[in-house]
Amino acid sequence: TEKDGVRRVLLPARALVLTCMTDLHGDRLEIEWRAWARNEESWGAGHFVIFGDTNRTEVWDEWTKHLQKTFPHESGASLKLSLALVDGGWRTDPIVATLQRLARVNVPGVSGKVRISKGAPKWQSVIHDKWGSVNKKVKGIIIGTWHAKSLLYERLKWHSAADKPSAGFVHFGKSYTDEFIRQIVSESPVFKIIDGKNIETFKNPEGNRNEGLDLIVGNLAAFRRQKDFGGWDFETIERQLEEEGAVAR
């Protein structure tokens, strides 16, 4: 949709949950937002980059404000952050410091909705451990990346199918660049026999940029973390969106 000449994402009525994944680098934070339906159909709401030394508090303050973003919803309401993950596999100190600030000073829509995560080469499930060791000092969500990537690669094949399924379909907004799309298929599937099973593993033999893949995997883990351990209250979410949309109209 466009307003005052500016293109904006309009999330469909089926989108009820909004997740956000952040990939930490030395000179930037890469972020993707994704909205989810009950049946795990998802819509990419946007890919954003915050540049700056990620050891500096100012960068994380900007990131915190970014997480307060809302996206217009077909109901007339706005969809707000449900759960955000931040990849702590490389470094956790600045993430922990930010979470401590969010605990001390309540930031509406953000405090209490951010978790540290780490990818692990596991194939059993998307959430390998709902509260595992990211490092010796920090615990967080451990993502079974092989399982998540295998699931994503299978779903991406549906884009060329004559009859596209709804459940699990992965949508991308017009703002997504060709480079981002290339990144989500940058890794090569390699089948290996592990514990007597033929397991699909993944490698990046050319050392290509793969941030796009990591971001979508992280968003899937954010959705599954609540779905598999407690469940999303879709009925309440739908009712709140309808009420907010009625007021907005």
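Biologist: How many of the 18 residues of helix α5 are buried?
Modeller: Buried means under 20% relative accessible area, exposed means over 50%, and partly exposed lies in between (1.4 Å probe, protein chains only). Helix α5 is largely enclosed by the rest of the structure, because its number of buried residues is 13.

Biologist: What kind of model is this?
Modeller: Residues are numbered from 1 along each chain as its sequence is written, and side-chain values use heavy atoms, with hydrogens and water left out. Local features need pLDDT of at least 70, side-chain atom pairs count only at pLDDT 80 or more, and totals for chains, interfaces and linings use all residues; the model is predicted.

Biologist: What distance does α5 reach from its first C-alpha to its last?
Modeller: Helices (H or I, at least four residues) and strands (E, at least two) are DSSP runs, numbered from the N terminus. The expected span of a helix is 1.5 Å times one less than its number of residues. For α5, residues 211–228, 26 Å is expected, and the model comes close to that with 25 Å.

Biologist: Which word describes how α1 lies to α2?
Modeller: Axes are lines fitted to C-alpha atoms, for helices over the stretch in contact, and angles run from 0 to 180 degrees between N-to-C directions. Helix α1 (residues 57–66) packs against helix α2 (residues 93–104) at about 55°, the axes being 11 Å apart. Under 35 degrees counts as roughly parallel, over 145 as roughly antiparallel, 65 to 115 as roughly perpendicular, and the rest as oblique. That makes α1, relative to α2, oblique.

Biologist: Which residue in β12 stands opposite Trp 43?
Modeller: Strand β5 (residues 42–51) pairs with β12 in the parallel sense over two bridges. Opposite Trp 43 stands His 171.

Biologist: What is the relative accessible area of Ser 117?
Modeller: Ser 117 is in strand β9 (residues 114–120). Beyond four places in sequence, its contacts include Met 21, Leu 85 and Ile 143. Ser 117 is buried, and its relative accessible area is 1%.

Technical notes. Contact means heavy atoms within 4.5 Å. Two strands pair if DSSP finds at least two bridges between them.
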